[in-house]
There are 2 protein chains.
Amino acid sequence: MAAAVAIADAEGLAAVSIRRVAAELGARAMTLYSYIERKEDLLALMHDAIAAEVLVDEPLPDDWREALLLLARREREMVLRHPWRVELISQRIEVGPNGLRHVEQKLSVFDGFGIDRLTAWRILAAYADYMTGFVIREATDRRAPREQGINDAERAAVAEPYIRELIEGGEFPRLAPMIQEGVRGADDNFERGLSWVLDGIEADLHGR
Amino acid sequence: MAAAVAIADAEGLAAVSIRRVAAELGARAMTLYSYIERKEDLLALMHDAIAAEVLVDEPLPDDWREALLLLARREREMVLRHPWRVELISQRIEVGPNGLRHVEQKLSVFDGFGIDRLTAWRILAAYADYMTGFVIREATDRRAPREQGINDAERAAVAEPYIRELIEGGEFPRLAPMIQEGVRGADDNFERGLSWVLDGIEADLHGR
DNA sequence: TCGCATGCCGTACAGCGTATCAGTTTCGTA
DNA sequence: TACGAAACTGATACGCTGTACGGCATGCGA
């Protein structure tokens, strides 16, 4: 599992093949199948291993907003360390002990606020959805430049004129200037977006 | 492209291989490479094809909230029709004409509200992030039962006792009752979560 | 009728996950 | 110390993947 995580960190998830992991351990492919049943199990182990990095040891802030903010920052940082995590998100990975601990920790932020189970679950679902979307976008955006090196540059050289042509065709009056001039500061939206979500939730809680 | 979409709809994205698509068209594998350069191009075409289904022909509601809500519902329905879309999300697919039209349409909802570019971009980013997270969760949840049939059931039979054991160990006082008794209505959170996001944004706009 | 462009695809290669089964090492017990 | 069983390792093979290369057939303009 550690070997697989190291490979994924260094070369991406695609580089994690049974044969490659085995080679890293000085073994042959089939040896791994003494410990796992399918490759999917290895991915689940990797997933749970990095989930541990989000767990907070010391007590969380009493304020649920502050607590969720802290957990969100840790999750974001974890994904930046292990960008391949986003490729597992839409892959129906079995949840492990650390994943459960993380959910429990998120639930604990509502202790003492008299929030019923259903509401807590819904709040965490909305929070998790926003987080999922954000980290995916951030990770894939950052992956763009380096991932394939020259190959990507080649493709960009072909694709961009095509896009640029479309853009300049006049069909996109609102989008065109944004692409051409760029939108300064557009990629710095994590805290703000999260605040919007939490603001909406808080207003709803106080309103009822 | 249409053949590939049909296969993905019926059997999932994994079933879309070059050979399979070619077979569906009564051709051999290498024939496809007369029209695309890599499989990635085919995926991009599929992605852009279904993006068209989100576009709205008639004028959007004047109220930007109502307009975003309408677009969100259409996007959700589109993903439910083509659940394999979520597997493309974290895959750095080139944006196509319909994708651009969709962005332009989202930008158009702010016409007349005097919202600057940066703010509009940030609002749409937060909106898109929430949508991404939600549709991924919904699609993967729904995929669970059918995807692999017996195989999945087998795995669940092994995995569930393990999870159940963990849960019953007392380490998860908040999570345990939710798993054991379930949380009624927990999966009906789309409109509410989206409202929270939009509420937060709206409050911020009015506050400044 | 010729020359060439275009579309089609047979073959091949390196890689993948993993089923099967044979060989080797380790260990608990007598 | 000896033996049987269990655990571990891995060689081989199968069917699948994307795609590089090069040859063939057809149709069209001159």
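Let me start at B:Y33, where an N or O atom in the side chain is 2.6 Å from a phosphate oxygen of DNA strand D, a polar contact in the sense of a pair of N or O atoms within 3.5 Å. This is a predicted model, in which local features need pLDDT of at least 70 and side-chain atom pairs count only at pLDDT 80 or more, while totals for chains, interfaces and linings use all residues. Residues are numbered from 1 along each chain as its sequence is written, chains are lettered from A and ligands numbered from 1 in the order in which they are written, and side-chain values use heavy atoms, with hydrogens and water left out.

Staying with DNA strand D, a polar side-chain atom of B:K39 lies 2.8 Å from a phosphate oxygen, whereas the side chain of B:R19 places an N or O atom 2.8 Å from a base nitrogen.

Turning to the two protein chains, 68 residues of chain B are in contact with 67 of chain A, contact meaning heavy atoms within 4.5 Å. Between chain B and chain A the count is 12 salt bridges, each a side-chain nitrogen of Lys or Arg within 4 Å of a carboxyl oxygen of Asp or Glu. B:R174 forms a salt bridge with A:E104, and their closest N and O atoms are 2.9 Å apart.

Methods
Polar contact = N/O pair within 3.5 Å; in protein donor to acceptor, adjacent residues only side chain to side chain.
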